Amino acid sequence: MSDEVSVPKFWTGDYYNEGSGKEGLFDKLKEECGVFGVYRHPEAASLSYYGLHALQHRGEESAGMCVSDGNEFHYHRGMGLVKEVFTKDLMATLTGDISIGHVRYSTSGDSKLTNAQPLVFKYRDGDLAVATNGNIVNAPEIRKELEQSGSIFQTTSDTEVIAHLIARSSKDLVEAAKDAFRRIVGGYAFLIMTNDRLLVASDPHGLRPLTMGKLGDAYIFASETCALETIGAELIRDIEPGEMLILDENGLHEDRFEEQKHRKALCAMEYIYFARPDSDMNGSNQHAARKRMGSRMALESFVDADVVTGVPDSSISAAIGYAEQTGIPYELGMIKNKYTGRTFIQPSQELREQGVKMKLSAVRRVVEGKRVVMIDDSIVRGTTSRRIVNMLRDAGATEVHVRITSPPFKNPCFYGIDTPNRDELIASSRSVEEICREINADSLSFLSPEGLIASIQGNHQDEYKGGLCLACFDNDYPTTLSFKEGAKAGCGC
């Protein structure tokens, strides 16, 4: 068919989630990636399958798994969802008791199979597999240095940098990994596997979440506790910033590659939007924290209305909290269709707007003739909020008051969230009043940074900013940025 012929296109590539959400109808922030690891369980592959399935919301473009039987690796990576990548027959070939797995949403790396993880390498001491969630800020300069000294990179993923640093070192694996982690700057959670060992590490600020659990005598590692719950593992604790765990034939050894001199700075967007409501982080449950955000929002910015509704799915908990605090009834004013895919793209604006309704619908009988409080977690470019406000108005809402359970999102993230450039972020150049007019709302309020910190109530309340990274709101980045400040960087995994 000629390129000049304009036809409806229901996904952007050869498979269902290629380019997942990059130019989609909704300008929500894109998830990072998810990692899952198993050490010494005879059903390591099966556990990893279910663990990755529980982490699917963190990445829908590709999935991969590498399993070791002590002598050799068995691995597979593919584009698409976990259930599509791993068939029953394929799972039967992934034998062993050590495993690392990954689900990926590509941001800085290209959307192609070569960047799917875990990345697997041959090096002097045998096989090496690496999986990570996050972004290495100084990866470009390290990569350039390595290439100038002879390294040949096979992918565009930042994750490959760590493998090259380890492989080029004359030290043993553990010390080589420590040196490599000291070289890199950014937010990351790493799983590194050899034929008989597993290394687990978190960046010095703990920007990306990583938890440890146990299932019998086996150790389990996951980006979120919901994955531990899925397989029946017991949560032991979070991996600490700058910590590196070594698991080998002698058991678990707790070590550090960086002293605890950096401030804790877990990404606040994990609480606001990314993590599943049934996950716990730093001692705080996500659903409960989001309810408190909604309750605090009601205290900070009450508006008289008839119904409260939340934008599915991440804002429902906050909407319940707002409703409970105000006494205004919570209603299911919007329904999300989960079966339309994340990259539904249409060639015309008319069909594009129809595509919005295919993904999200207003419940007319709930909102018609009502003053509606619409709760959402964030505003990025503003296009999504405007479409939803107009959708509610089209369904008969007489007033639409928007309440956002995060501060204004003004700055790009350099630690693993795919965010637009600063000039594309509506809050970076417009006042709250201007944004309100832009999205066609009757009123608009954002949660204060103090309200956000108080709502989370984790184990780091006494630390600087509650142990959170709020850089996307206040421009206070916890690490040095070694490139032009305005440049956009996404998830290097």
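A polar contact is a pair of N or O atoms within 3.5 Å; within protein, one atom must be able to donate a hydrogen and the other to accept it. In the predicted model, a pair of this kind is found at the start of helix α6, where a side-chain oxygen of Asp 172 comes to within 3.0 Å of the backbone nitrogen of Val 174. Helix α6 spans residues 173-183, and its buried residues are Leu 173, Val 174, Ala 176, Ala 177, Lys 178, Ala 180 and Phe 181.

Helix α15 comprises residues 449-456 and includes Ser 455. Ser 455 is classed as buried because its relative accessibility is 4%, below the cut-off of 20%. A polar atom of the Ser 455 side chain lies 2.6 Å from the backbone oxygen of Gly 451. Residues up to four places away in sequence aside, Ser 455 touches Ala 289, Arg 292, Met 293 and Arg 296.

The loop between α15 and β23 (468-469) contains His 460. With a relative accessible area of 14%, His 460 is also under the 20% limit and therefore counts as buried. The side chains of His 460 and Glu 463 form a polar contact at 2.5 Å. When neighbours within four places in sequence are excluded, the contacts of His 460 are with Lys 264, Asn 282, Gly 466 and Gly 467.

Definitions and conventions: Residues are numbered from 1 along each chain as its sequence is written. This is a predicted model: local features need pLDDT of at least 70, side-chain atom pairs count only at pLDDT 80 or more; totals for chains, interfaces and linings use all residues. Side-chain values use heavy atoms; hydrogens and water are left out. Helices (H or I, at least four residues) and strands (E, at least two) are DSSP runs, numbered from the N terminus. Buried means under 20% relative accessible area, exposed over 50%, partly exposed in between (1.4 Å probe, protein chains only). Contact means heavy atoms within 4.5 Å.
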